[in-house]
Amino acid sequence: MQSLAMIENWPVPTAAAAVVRADGTVAGSYGPTDHRFPLASVTKPLAAYAALVAYEEGAIELDEPAGPEGSTVRHLLAHTSGLAFDEHRAMAAPGTRRLYSNAGFEVLGDHIAKATDIPFADYLHQAVLEPLGMTSTTLDGSPAKDGVSTVDDLARFAAEVQAPRLLDARTVLEAMTVVHPGLSGVLPGYGNQKPNDWGLGFEIRDSKSPHWTGASSSPRTFGHFGQSGTFLWIDPDARAACVALGDRDFGPWAIEAWPAFTDAVLTELSR
């Protein structure tokens, strides 16, 4: 795919990208796809997927208590537990505000570790990484932000999400469906969004503007970006996903480069 070569013009030392069709085939890739990049918050969809495996295995329930009083696993996954961004303190009642929270995913990881009697990083490895052959992906630290991976590995994950083998397809559909519709909140890097829609561990594009995906991305697009200069989106209408990893922190360069890149990818896919 010629559009992927646009990463050559990004002001980053190293970047790689790939597009994965809904049938799991790689439509194209560019750059060092085996290079390991810090994922930052692109770690969250991986952690969420492990949580959903734990749910399907019966280790946890989505609506069981977890986190601050009144909060559940579902609240933690959807950033509606009320926990602060990076502090383990409640700032709102569960289900009333969309407060993007690293702390919430750390509480979630601890909750799953306790329920399964397996350290969360080990559970993620056993439940998601190993079955998908993601041999270059590790989690050394917070389930919110300390994953390291490659484009090749995240392409495998993108194929899984589009045609699930580890989860029932209905569970994945629930993950990409808005939890607590209508809540406003801050999308990091983009300011207050009304509404600020999220599913279970995945951000949902809907009608957000400005946004890190493209102007032509469908409202059903879901995924995540990371402050380390990384993103993964899945567009069900385009029947494709895109992974792009870089090693320059998110900033104005990404706000400018990423949407144009995504629009070029989607245009090429539609031909």
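**Salt bridges in a predicted model**

Reader: Which residue's side chain meets that of Arg 220 in a salt bridge?

Author: The contact is a salt bridge, defined as a side-chain nitrogen of Lys or Arg within 4 Å of a carboxyl oxygen of Asp or Glu. Here the N to O distance is 2.7 Å, and the partner of Arg 220 is Asp 237.

Reader: How many residues apart in sequence are the parts that this pair ties together?

Author: Strands are DSSP runs (E, at least two residues), numbered from the N terminus. Arg 220 lies in the loop between β8 (203–204) and β9 (222–226), while Asp 237 lies in the loop between β10 (230–235) and β11 (240–246). The pair therefore ties together parts separated in sequence by 17 residues.

Reader: On what basis do these values rest?

Author: This is a predicted model, in which local features need pLDDT of at least 70 and side-chain atom pairs count only at pLDDT 80 or more, whereas totals for chains, interfaces and linings use all residues. Residues are numbered from 1 along each chain as its sequence is written, and side-chain values use heavy atoms, with hydrogens and water left out.

Reader: How many salt bridges does the structure hold?

Author: One of them joins Lys 145 and Asp 146 at 3.9 Å, N to O. The total is eight.

Note on methods
Helix = DSSP H or I, 4+ residues; strand = E, 2+ residues; numbered from the N terminus.
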